[in-house]
Amino acid sequence: MFGNFGSSSGPGPDPDDFEAAREQMIRTVAPRVDDDRVLEAMESVPRHAFVPSNRRDSAYEDRPLPIGDGQTISAPHMVAIMADELDLEDDEDVLEIGTGRGYHAAVTAEIVGEENVYTVEYGEELAERARERLADVGYEGIAVRTGDGREGWAEHAPYDAAYFTCAAPDFPDSVVEQVRSGGRLLAPIGSRTQTLVEATKRDDGRLERTDHGGVRFVELRG
Ligand code: SAH
């Protein structure tokens, strides 16, 4: 799944250096993760292929990076924690709100299968770029829609799980509706102060929530 990203842009780090850096990144996030499949997924995804080219040297540092349009790609440990908390199984259908560059979607795809990942991005350019990059790296099965994630993506519902990579005031009704009963939701909830909230949808449609502490994400747009 590595395409030519390590070597195609002329001088720069050797692809082997990326691999060593990625292994180091996995060691850094491992203590925060219970499920080995999450670590295996992150070991498979070339994060350097998803960050802007001038940020490639920092691609495996455990911190968020700017991706243009005022947005950021989450720190690797946050992607790891979210994937771990969602407890994803092979073949589950997953809705992501906030594609960004597509890195997190690729990690999810490594766990559930790329045909099962549906992601919505508000920014037209970001969506287009993510679509191209995902296809280049080998995740052409991931479906990217340009639009407002608050509406979810009804066409492919119901989902087993849905997560947000941008902070929302609360779980939007449409997204809750599109998650099956017994399914899970995960989102940073709030604006200036945010809490990572996980929820299970009960049979009566209500959410059973668990807080996972303070986080800092870009806010939902639109
Ligand atoms: N997960 C991404 C990073 C996402 S940053 C990655 O791995 O690269 C959060 C993203 O949410 C941004 O790209 C932003 O444009 C997007 N976003 C913000 N508001 C949105 C909305 N209403 N619907 C869909 N996407 C939204």
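How do the residues of the shell around the ligand divide into nonpolar, polar and charged? There are nine nonpolar, 10 polar and four charged ones. Keep in mind as you look around that this is a predicted model.

**Around the ligand**

Let's start with where the ligand is: it sits in the largest cavity. In total, 23 residues surround the ligand, and the closest are Thr72, Glu121, Asp148, Gly149 and Arg221. If you'd rather think in elements, β2, α4 (103-112) and β4 (117-121) each bring at least two residues to this shell. The top contributor is β2, which gives three residues.

| Residue | Protein atom | Distance to a ligand oxygen atom |
|---|---|---|
| Glu121 | polar side-chain atom | 2.5 Å |
| Gly100 | backbone N or O atom | 3.5 Å |
| Tyr103 | polar backbone atom | 3.5 Å |

As for cover, the ligand on its own has 580 Å² of accessible area, and the protein covers 100% of that. Glu121, by the way, turns up both in this table and among the closest residues of the shell.

**The largest pocket**

Now for the largest pocket, which holds about 220 Å³ of space. It is lined by 13 residues, and Pro64, Ser74, Ala75, Arg216 and Phe217 are the closest to its centre. Two or more lining residues come from each of β2 (71-73), α3 (76-86) and β9 (207-215). So what is the lining made of, by class? Seven of its residues are nonpolar, five are polar and one is charged.

How values were computed. Residues numbered from 1 in each chain as written. Predicted model: local features only at pLDDT ≥ 70, side-chain atom pairs only at ≥ 80, totals over all residues. Heavy atoms only, no water. 1 Å grid on protein atoms, 1.4 Å probe; cavity = no way out; pocket = protein on both sides within 12 Å on 5 of 7 lines; lining within 4 Å. Points joined across faces, edges and corners; volume = space filled by probe spheres on them. Helix = DSSP H or I, 4+ residues; strand = E, 2+ residues; numbered from the N terminus. Nonpolar A, V, L, I, M, F, W, Y, C, P; charged D, E, K, R; others polar. Near = heavy atom within 4 Å. Polar contact = N/O pair within 3.5 Å; in protein donor to acceptor, adjacent residues only side chain to side chain. Areas by Shrake-Rupley, 256 points an atom, 1.4 Å probe, with all protein chains shown as cover. Sits in = over half its atoms within 2 Å of the grid points.
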